[in-house]
Amino acid sequence: MRHRRLTYSERPNHAARAAHARGEREFRTYDTSAIRPKRSKVPAIVCGVVVLAVLAAVVFGIVSLVRGCTGPANEMLPDGQQATVTVQSGAGLSDVATQLFDAGVIASASDFTAQASGLETSLAPGNYTFTGGMSLEDVIGVLQAGPEVATFTVPEGMTAAQVAQTVSEAYQGAITAEDFTAAVHNAPAYAADYPFTQGAYDNSLEGFLFPKTYEIMEGATADTVLRQMLDQYRDETATLDYSHAEQQGLSPYQTLILASVVEKEAAEDNRATVSSVFYNRLAADMPLQSDATVAYVIGGDPTPEDLQVESPYNTYLNRGLPAGPVCSPGISSLQAACAPEQTDYLYFYFATDESGQMQYYFSQDYDQHQNAIATS
């Protein structure tokens with residue numbers, strides 16, 4: 001019978017365990033890294049890729065969920081840039097929120113509807129203009145203020161012919177210049193409602209088309225627009241004090257005529273002084289000699305030859321006021337015609353100085369006047 005060979009590790013006894021322990025201690029002092037089997041890095045890389053893929057899927061899911069709740073991101077309107085949004089009749093708050101969002105005015109439709117709760121009942125249809133960078137409160141404030149109103153402006157000093165062209169352009173031809181001009185030259189048709197137009201020269205409402213910014217009215221006609229202007233004239237002149245003019249023998253209509261000449265001849269800061277020159281000339285029975293009255297006849301700056309044109313508006317050939325107004329004066333010129341400065345001036349001359357600024361020179365007599373012309 002053969003006996004199986006046993007190692008010290010299979011039949012441990014005190015000596016074998018001691019030898020085994022001693023061998024382990026000695027074995028630890030040697031560098032065995034060169035003979036140890038290499039571990040593959042593939043499992044670690046694969047594991048990292050899997051983890052990253054899982055994280056990406058989670059992030060994508062969260063972003064998709066957020067987008068699903070808040071809607072897609074939009075391109076915001078750049079700061080200072082304007083956008084016009086048209087609110088249709090019957091539009092709900094959510095409809096307006098979508099329009100504002102699409103226009104880049106607001107960043108969140110849901111935030112807008114939450115903060116603008118209650119606005120829907122007072123929201124008026126029309127055009128609204130917003131500026132990039134506005135806060136949500138400012139956007140809501142624009143909507144609360146109401147839609148923009150289309151307007152046109154009649155500046156001071158316009159003639160009736162120029163006003164007619166302005167009206168035609170403002171109404172894009174729906175009211176023609178010819179229609180408006182025809183209404184202007186039918187003053188008797190308005191005398192009952194506007195007594196101050198009675199006696200207007202040549203049945204013309206020249207001078208009464210008050211300079212102002214007017215609302216463009218839907219379905220307006222030449223008559224309704226003209227009444228807008230006559231209403232404005234009545235309201236603006238209601239508080240004028242005509243007592244000085246009346247003391248000088250001028251009626252309210254003649255005061256309007258004088259104001260129209262002042263409007264054309266004076267600067268903003270010397271209307272009352274220019275008015276005094278014309279009052280002094282009227283008192284002295286001198287012709288007014290206003291180029292503006294001749295310019296009204298010929299339609300441009302007069303030449304020396306033009307000053308001899310025969311016309312009831314030519315204040316070089318005729319003493320006193322021209323036959324009718326030569327433009328629509330503003331309220332400042334009307335006030336100057338009612339209350340001129342008290343002076344002894346009979347002449348004035350104006351010219352641009354070396355800096356390009358318009359300068360006025362007032363004189364009491366002809367010699368002073370000629371000297372002002374020669375030295376200015």
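By class, seven nonpolar, four polar and two charged residues line the second largest pocket. Here Ala, Val, Leu, Ile, Met, Phe, Trp, Tyr, Cys and Pro count as nonpolar, Asp, Glu, Lys and Arg as charged, and the others, Gly among them, as polar. The model is predicted: local features need pLDDT of at least 70, side-chain atom pairs count only at pLDDT 80 or more, and totals for chains, interfaces and linings use all residues. Residues are numbered from 1 along each chain as its sequence is written, and side-chain values use heavy atoms, with hydrogens and water left out.

A pocket is an open set of points on a 1 Å grid over the protein atoms alone, where a 1.4 Å probe fits, with protein on both sides within 12 Å along at least five of seven lines; lining residues have an atom within 4 Å of a point. Volume is the space filled by probe spheres set on the points, which are joined across faces, edges and corners.

| Largest | about 690 Å³ | Glu-265, Gln-289, Asp-291, Ala-292, Tyr-316 |

The largest pocket's lining has 15 nonpolar, six polar and five charged residues. In the second largest pocket, H6 supplies the largest share of the lining, three residues. Helices (H or I, at least four residues) are DSSP runs, numbered from the N terminus.

Now the packing. Phe-180 touches Val-163, Val-167 and Met-229, among others. Contact means heavy atoms within 4.5 Å.

Terms used:
Helix = DSSP H or I, 4+ residues; strand = E, 2+ residues; numbered from the N terminus. Lists of a residue's contacts leave out its neighbours within four places in sequence.
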